[in-house]
Amino acid sequence: MIKKLTRLSIFFMKTSMIALTGLLVFSQVMFAKDANSQITSAPVSIGIKNETLKASIEKIEKKTHIRFSYNSDDLDGYRTEARSYSNEVLANILDRFFSQTQLAYKELNNGIVIYKKAVKPEESVVINTAILVESPLNANITVKGKVSDETGPLIGVIVKIEGTATVVTTDNNGNYSINAPDNAILVFTYVGYVTQQIAVNKQSLINIRLVPESKSLNEVVVVGYGVQKKSDITGSISSISAKDLQDVPSSNLVSALQGQGTGIDIQKSGGNSHPGSVPSITIRGSRSKSASNTPLFVVDGIPYTGSLQDLNMDDVASVEVLKDASSTAIYGSRGANGVVLISTQRGKTGEPKVTYSGYAGFDRPLAKFNVMNGEQYAQLKKWAYYNAASANPLYTSPDDPRILTSGAFGSQELTSIQTGRSTDWQDLIYKSGFLTNHRIGVSGGSEKTQYDISGGYYRETGIYSGQSFTRYSIKISVDQQIGKFLKIGLSTLLNSSYTDGENANPLGQALRASPLATPYDDATGALVGYVNGSANQVWNPLANILPGASIEERKRLGTFTTAYIEANLAPGLKYRLNAGAELDPEVYGNFYAAATYNNQGALSTANNQSKYNYNYTLENLVTYDKTLGQKHHLNFTGLYSLQENEASSNSFNYNSLLSDGVQYFNPSVGSNLTGSGSYAKYDLISYMGRVNYGYDNRYMATVTVRSDGSSKLAPGNKYHLFPSAAFAWNVINERFFKNIPVVSNLKVRLSFGDVGNAAINPYQTLGGLSTVTYNYGTKNTIGAYPTSAPNTNLDWEYTRTLNAGIDFGLFKNRITGSIDAYHEYTRQLLLPETLPPTSGIPNTVLTNVGKSENIGLEINLSTVNIAAKGRDGFGWTTNFNITFNRGKVAQLANGSTVDISNNLFVGQPLGAIFDYKKIGIWQNTHADSVTAKAYGLTMTGGQSVIGTIRVADINGDGKMDANDRIVIGSNQPLFSGGFTNRVSYKGFDFTIAATYRVGGILTSAVYQSGSFLNTLQANYNNLNIPYWTPTNGQNYFPKPTNALTNPLYSSTLSYFSANYLKIRSLSLGYNLPQKLVKAIGARSLKVYATAENPFVLFSPYVNDFHGIDPESAGTLSENTPATRSVLFGINLTL
Amino acid sequence: MKSLSIYLTGSLLVITLIAGCNKKLEEVPISSLTPIFFTTQQGFQAGLDAAYAGYRTIYGPDSYFEMAVGGTDEFRAGVDGTGALVRYSSGYQTTDGTISGIWKNCYTYINTCNGLVDNAPALGGISAATKAGMVAEAKFLRANYYFILVQNWGDVTLNTSFQSEPTLAASRAKMADVYSFIIQDLKDAIAGLPAGPQTTGVLPGKATAIAAMHVLAKVYLTRGYTVAKQADDFKNAAATADNIIKTAAPAAGVKLLPDFGKVFTEGNEANTEVLWTVQHTPSLAYNGSSTQNNSGPDNLYVHLFVSRYELQPGMQRDVIDGRPYARVMPTRWLTDTVFKDKTNDTRYFKSFQSAWIANNAATIPKDGSGKPKYAVGDTAIWMPGIELTAAQIAKYRYQVLPPSKYVNTLYPTMIKYFDDKRTDQNAPSIRPIIIYRLAETYLIAAEALIMDNRPGEAVPYVNAIRERAAYPTGNVAAMDVTAASMTLDFILDERSRELCGELSRWQDLVRTGTLLPRVRQHNLDGGPNIKPFHIIRPIPQSQVDATISGPAYDNSRLFPGWN
């Protein structure tokens, strides 16, 4: 019986979507009535007397707090009949009110607009005659026109002659007609829009475009599992509009978010800027050492696990970043790192609107790496060989001619020294990259159906040959009202992308190639393999540029589809099924010919990978909304959801290809086929309940409880409960505050909650074996041995956050902003613990160890410095944000305060840098010699310490050893943020967007051992640094020596101040005047030019050390350098 | 009523959804191997293969080579032998990556062997004899890993059973306990293994009883010099070696080759003198790195001895002469003193390259009339191994370098590991590496007898090796030595002549307490820098840093010279 039930339930689960759809269609038949949406579907209980219509409306207004907008003259003369309504849908009440009138209503911007139905001309004249009578002294003309916003005509806009009671409203098509004195001033008012005044000035046609009130308190903000009015928000949320994003044209959304909000830290991973790379993003610092610090992305309500490169940022309508526990707790186990909610554009009721936006431009490296030229390199080599000579000196000085013939220099190098030839390898490999982006969209809809369709094309080629990223995208969304109680919608994002040369990094070779050598053989002119004089370790970087020599292709198909069915089951009670599915198959292949720097003349190699991922989410949501008495507003949201993710992949390698032309497509023409594969699946089951309670628009409280069960954790630890609570007080709505005109908004928020993080890989608690190949003569075998230990005690990582915030607006919201302070406490920190090698377990073991803490302060400020008066006026606005975050490890589980192998130090941030402390260079002085001798340091021969890096004997034990390492800092900034200034005048607008970072240490691998760019060994070219010589007394950089692969303590050379101010973009745009735009039959047209990354300022790394770009999450490497681009674009609406 | 039924249906649906979905939280790994596999019959075989494969991470790559060959009286640093370890300079510290890698790999594969030994009793589906043989192999391998550890580090952690629980603590065992454990393992191995590599059915590279005996003799010998010594260690060493030579070897078909040179002939790694090899294969998918890029556990010995001959006139890099990693160069003591007799003793020219054949027409020097002095295919460089006068040298068209002209970029190359079957001049070797061979057994016997104060008995063992060295052109009688020569120093010199470059020298010098004087005397790079604490490897900093539970794991107790 039980078995039967289980099978039955699985059947139900599998068919849940189909079943629910059927059910809801059925319910639609039962409740079929006229369409309407959100507000008007709210239930109202009210007693209406036989009274004026106006009185009834006011009564409803008071009861429901729904704002009605109307011209009171329109309501004159109408009355309502006495009737008691109990839990009646508002729409029904209004329908009854207006059934015998010339009036109609429409829900707009969270309010209801009442307007006169389109009237026949003769009726209009009657009304206007009356107006004429009221203003007999002026010459009257009939002014006509259309009122619209950026999306289309506005219905029900109130047009009033200033100083009179004369009012008309716009009709269904946004048209109005008013009889007005020829010198009158027309005032256009509309809920949610800035009121505009226009002088008639004898014009008979006045078309006007209203702009939405930005920062309006009625602005709706997307929150987890719903939307909320901004004034009702209790948590800490950064909202970023599409307009803000478009200030910085980027290939991906994350790049565009940089510097746009507080607490959002976005930096290029390793400084890498190759086409198609997505930067790393953290919200409010790092709290986890091993579990991911990447926030959860939610697109149109469904968790998104795909590549962020797949999202066309032009399709994004808004981005909300949820930061505190109250906002994120409803995402439970995935909320700890913050949540980024992305809403894509949806259609709106109105005429079809066609938009086109596009840009094209080019980019160049921000700067070249400062490596030596031929002459400098020759000198370095001489010093390196001179310094390397052992105890009995081989050479008299660096200029000893015997060094030239010792084998230190290659034949080509010797020729170059004689002829003064020098090769700049960077010039040979860099080229201009090309960027272009196009999007065309159509959107519109009727009362019942709205649609938005767009197609996009993005292409970027890199600054090296063979690098590019191309994306084709299509987005379709449809919302359909079915009857009165049912609404369905679907949105699908489809894209296919092609990344070429994602690992191409000829710089590794180009920067190390001897500038005294050339890419071509002096005698034959053919491309050489190993570059002359580079110890046969540097391969000609130009070899990869030959057609077909180096191929790296990633082809990806991304589909992300979300659908919903929403049913109004009863007044206030709604059920919603959200379903989302993501499929993103991907193939990757590479082929490198033998004569490429990848294979350096050995076997040609090929690799072919394919991946198949799916991810689906099913959410059952129930919401209940009720207003009790006059002032109590209650909203309940309940959720049950299931998310499943499956990823499988395989990869095969082969080499020694019969024909290079086969590339990575056919292993049968290669040899030594090897391969690997993987399969992983995880599930997350969640239950969530949330109650929002509001009293009189003054006090708001939110309580959330979520329970998550994850398959990734061991039995017994799978489920956990995540509670949170928040409170907000709209001080501005208090009666005692009404008389302070300076303050236009004031709200205080407080929240507290627990969120989790289990962003670990599936099967990680189980332990594992590694495989290894071996042979006994001709018998080949594959061995397997234990390398990972199981940990069945693995538990969630929890973060508890306390957040206090204040939102304010001053001088009629000319100055708005918010300040948030928070304290995050993370416990059971997930850590891949490095075990002592003697444990016999070589791989790290994921364990819950210790606690970490983040405290921070975020300030966000927007000011309208000069408000523009119309299109021609001068306007200037500023957005500024700053974030202070202090993170530290609070406790380690085993009671120790120092865990060196895992780089954890109690009291220090997670990115602590533990190393020797460099105090200078051992000088060629008596004093230093005596000291060095006392330390037992080698003083003679090629490995003498004189001229090498001197580190501090921290513990003072008279020895320089590993016990002298200390925490010398961290990558955590003192503060960071961004600002944007916009200036507009006569249709021109100029935008400058910048990010900055102050404090913390930048680690640049370019200067240390791993990059081989600063070895000072002179086996290959070096950064052009003023190295130590016995006479120059240099106290920063050590001496060159051929006897060491890298200078001792070379890591101490890689730490720099991380300060910078980076101008992200400068953009100049021009909105063409309406007349011109009209002439070409368009609604609006804007052209612009943008310079991206034009300047990096105040960076010691750039200014003092010739660094290129100080921006990097983690260690900066010599991969694709940052670029500067110039783009020209156009935005057109038809 | 209708709406009520909807609620009911809806609730029922939600409940059934929840009930069905909880099963979804169970994890079933498909593509990866989990610890349970290790306890199966298939896993047992795979584990044993992995335990063998572990030796590829020790013998073949750079690290253990630098530890065993560089920094001795035989080899000093070549131009690219830039590690501080081979020069004993102050840059040689506990953070040295060379030593930490070997340390870690030994313990990882010891744990594999421990698992095999521990899991064996419960293992079904396999015959008792097969199982016993496999356990004996595991013990042979485990003993060798521990022998590497104890020779380099002295008192080391002794894990005698499988460790599957993570631990952050570790402690060092007494050297005596480690040696006892090794000896027991080897005795068990001898009892359970097939006789020798030539025994029918024994695959190349497999552990055999004769190899285990050889190691046992060497272990006794080594322990005899240490604080952990037992009274009969040298006796046991001599007896074990003698037993191999007189009884076990003949029985197993193991014997010295007549020609020293043939021992190292490419493709002849399974010759009758060989006791144990670490395997490599031309089937690149099963070799260290399938792409031949020297990154995996590859056999790099083919590169490491090679000087920068390619920069010389008439030369360019080729497969035959090898890729110049130039890690080490022979000391003048090795080339001139130890191999003073290059006539009767044929081993010098069978161990070192003395001529390089021109392969690059473009760089052949031209005479006064503009004609190339020699052609491709002619000798370009010659190292006669003896001093010549300037006048004599001037007679040659090509470059001639007597020992006084050796520099760290150009010197005689050790050819024992040459491999011209590689796919490319830069590719690693595909040859198996000989770890133990019978010739060493003779020298172990001789050394043990000398240390046991029976030098006279050592003579025949030494002479057996020396006489073979005369083959084919030398005077055999002139190679013979007498009891008067039977000193430890002579044995060490003889070991150099026979075994130079064979991955044991540093340990030999440490064993015999001669590292400091010999390096100071013969090694120009290390001599000025070497200090008494260098006779032991420091505990790697990665071990010190990671032991954060329990007592500190550091170097202070035994070797205050190290931190």
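Helices and strands here are simply DSSP runs (H or I over at least four residues for helices, E over at least two for strands), numbered from the N terminus.

A word on conventions. Residues are numbered from 1 along each chain as its sequence is written, and chains are lettered from A, and ligands numbered from 1, in the order in which they are written. Since the model is predicted, local features need pLDDT of at least 70 and side-chain atom pairs count only at pLDDT 80 or more, while totals for chains, interfaces and linings use all residues, and side-chain values use heavy atoms, with hydrogens and water left out.

Strand S36 (residues 699-710) and strand S37 (residues 719-730) of chain A run antiparallel over 11 bridges, with A:Ala728 in S37(A) as the bridge partner of A:Met700. S37(A) also pairs with strand S38 (residues 743-757) of chain A, again in the antiparallel sense, over seven bridges; there, A:Phe727 has A:Leu750 in S38(A) as its bridge partner.

Now for the interface. Counting contacts as heavy atoms within 4.5 Å, chain B puts in 99 residues and chain A 105 residues. The buried area (accessible area lost on putting the two parts together, 1.4 Å probe, summed over both) comes to about 8600 Å², and carbon and sulfur atoms give 61% of that. On the chain B side, B:Lys24, B:Leu25 and B:Glu27 supply 9% of the area that chain B buries against chain A, more than any other three residues.

As for polar links, 24 residue pairs are in polar contact across the interface, both residues at pLDDT 80 or more. A polar contact is a pair of N or O atoms within 3.5 Å; within protein, one must be able to donate a hydrogen and the other to accept it, and residues adjacent in sequence count only if both atoms are side-chain atoms. H1(B) gives the most to the side of chain B that touches chain A, with 10 residues.

Notes: Pairing = 2+ DSSP bridges.
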